[in-house]
Amino acid sequence: MEMPVLYSYRRCPYAMRARMALVVAGIQCDVYDIDFKNKPQAMLDVSPKGTVPVLVVCQDNVLEESLEVMLWALKQNDPQGWLAQIDDSLALIKENDGAFKKALDRYKYPNRFPDEDCSMAQEQGAAFLKELNNRLAQHQNLLSDDVRLADIGVFPFVRQFANVDRAWFEAQDIPALQQWLSRHLESTLFVGVMKKHKTAQYLLIN
Ligand SMILES: N[C@@H](CCC(=O)N[C@@H](CS)C(=O)NCC(=O)O)C(=O)O
């Protein structure tokens, strides 16, 4: 049987969370790191919307959303119990992918929104960071001491927000969030899915 194919982009937070779920579930894939300026026709043929990640499980099963990829992978195998507290995870990921992502885009790329006033974007994002910090003051991860889908679904976006102005991020009074982010960034899992590869095609190996 052919291996699933993952179309990915190394620095895309949606693709990062999909890659982490595939690795933790022990699912091997052929991974293509795409060039946004020259998207592979084979990807556009199965997923015309042109965003990554896309997981081609087989010809009749194409997953076009990062969350779908994560859930599919973890339903095969969830050795670390990421699917526990799933409703709470999904609610937090919804908030992340909605209002927080909107603030992140306006904070990071104000030039892309010439008709909007983006001056409040940092503050709007910071409110979500505070909310996450309050959760993390109670346990090691967002929903419990153990890692859940919410942590993996959200931290690549917090990473991106923090990196816009690292000095500002470090100066905020959100110590639990800062520690949580560092822990996830230093994890073997994250470091593994961020490895650079010389060729466009590589295997994800657990
Ligand atoms: N809702 C999608 C969003 C994916 C997405 O927006 N990915 C961005 C990269 S971070 C993308 O592929 N953009 C296409 C482009 O810039 O041409 C998901 O969860 O997979």
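A hairpin of two residues joins strand 3 to strand 4. Strands (E, at least two residues) and helices (H or I, at least four) are DSSP runs, numbered from the N terminus. The model is predicted: local features need pLDDT of at least 70, side-chain atom pairs count only at pLDDT 80 or more, and totals for chains, interfaces and linings use all residues. Residues are numbered from 1 along each chain as its sequence is written.

Strand 3 also pairs with strand 1, antiparallel, through three bridges. Here tyrosine 7 has valine 54 as its bridge partner. Strand 1 (residues 5-8) runs parallel to strand 2 (residues 30-33), and four bridges join them. The chain passes from strand 1 through helix 1 (residues 13-24) to strand 2 in a right-handed β-α-β crossover. Right-handed means that, with the strands pointing away from the viewer, the path from the first strand over the helix to the second runs clockwise.

Helix 3 spans residues 66-76, and Ser66, Val69, Met70, Ala73 and Leu74 are buried there. Buried means 20 or more other C-beta atoms within 10 Å of the residue's own, exposed 12 or fewer, and partly exposed in between, with C-beta atoms placed from the backbone. Down the helix 3 axis, the buried residues fall within an arc of 120°, so they line one face. The arc is that of the directions from the helix axis to the C-beta atoms. The face turned away from the buried side carries the exposed Lys75 and Gln76.

Definitions and conventions. Two strands pair if DSSP finds at least two bridges between them.
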